[in-house]
2 protein chains.
Amino acid sequence: MDKLSFITLLLDFYGNLLTEKQRMIMSYHFEEDMSLSEISEELNISRQAVHDIIKRSEKILFQYEDDLKLVDKFLKQRQKLIEVKSILSAMKDDRITKAIDIIDELIEL
Amino acid sequence: MDKLSFITLLLDFYGNLLTEKQRMIMSYHFEEDMSLSEISEELNISRQAVHDIIKRSEKILFQYEDDLKLVDKFLKQRQKLIEVKSILSAMKDDRITKAIDIIDELIEL
């Protein structure tokens, strides 16, 4: 998994533990793909400050994952769901279709 | 879900964010079912101190759940897995058996 996708997941899981400003800047940068200069202009703070807040926020998010391992657990769980789906997809039955629909919801969570 | 089971889940998810002492006392009380007096003797601190640490730790765990809602998400997810299992259990097929085994692993996680 590339760093961008991983940080987006970390934000999904632990973003609420950041301050409002940290969360906003991380969301601008990683979810809305804004450059440091664009964020700097948008918020009227220096490009260096934006950079520092991003680095600091990344460090906080990685520290939470080191402590809790919940994203890691989530990814392993999703892998197993994909495996179940693959088994069921080879079968034809209306009940299977319903089961796959629920599994799809879980994979998307 | 009763309070004891819920706090045990909170400890599973967020316990690593407590201090070592908080985690130890919570584990004694909620996982090993030790009374406040027993913990007080074991650690050679007052019963009141044990009580205060438990209340403080509960507050921290509930605050993390308020912020992150990961236990709530986990419980909803488990409910859906139980639903999928119930659909599949009504069917007879070796592939289904394999799928159910994986789902059982996920429910246990």
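In the predicted model, Ile25(B) counts as buried, its relative accessibility being 0%. This residue is placed in helix α2 of chain B, which spans residues 20–31. Between Ile25(B) and Met1(B) there are 24 residues of sequence separation, and the corresponding C-alpha to C-alpha distance is 22 Å.

For chain A, the domain assignment gives domain 1, covering 3–68, and domain 2, covering 73–108. The C-alpha centres of these two domains of chain A are 32 Å apart.

Charged side chains were examined next. Over all chains, the count of salt bridges comes to 10. One of them is formed in chain A by the side chains of Asp72(A) and Lys76(A), with an N to O distance of 3.0 Å. Both residues belong to helix α5 of chain A (residues 70–89), and because they are four residues apart in that helix, about one helical turn separates them. Asp72(A) is partly exposed at 31% relative accessibility, whereas Lys76(A), at 53%, counts as exposed.

In chain B, a salt bridge is likewise found between Lys76(B) and Asp72(B), whose closest N and O atoms are 3.0 Å apart. Asp72(B), with a relative accessibility of 31%, counts as partly exposed.

A further salt bridge is formed by Glu105(B) and Lys80(A), for which the closest N and O atoms are separated by 2.5 Å. Because Glu105(B) lies in helix α6 of chain B (residues 94–108) while Lys80(A) lies in helix α5 of chain A, this pair joins two chains. Glu105(B) has a relative accessible area of 39% and is partly exposed; Lys80(A), at 25% relative accessibility, also counts as partly exposed.

Beyond these pairs, Lys3(A), Lys55(A) and Glu58(A) are linked to one another in a network of salt bridges. On the surface, a patch of negative charge is made up of Asp12(A), Glu31(A), Glu32(A) and Glu42(A).

Definitions and conventions. Residues are numbered from 1 along each chain as its sequence is written. Chains are lettered from A and ligands numbered from 1 in the order in which they are written. This is a predicted model: local features need pLDDT of at least 70, side-chain atom pairs count only at pLDDT 80 or more; totals for chains, interfaces and linings use all residues. Side-chain values use heavy atoms; hydrogens and water are left out. Domain bounds come from an automatic or database domain assignment. Patches are made of residues with over 30% relative accessible area and no salt bridge: like charges are joined within 9 Å, nonpolar side chains (Val, Leu, Ile, Met, Phe, Trp, Tyr) within 5 Å. Accessible areas come from the Shrake-Rupley method with a 1.4 Å probe; for residues, only the protein chains shown count as cover. A salt bridge is a side-chain nitrogen of Lys or Arg within 4 Å of a carboxyl oxygen of Asp or Glu. Lys and Arg count as positive and Asp and Glu as negative; His and the chain ends are not counted. The place of a charge is taken as NZ of Lys, CZ of Arg, CG of Asp or CD of Glu. Buried means under 20% relative accessible area, exposed over 50%, partly exposed in between (1.4 Å probe, protein chains only).
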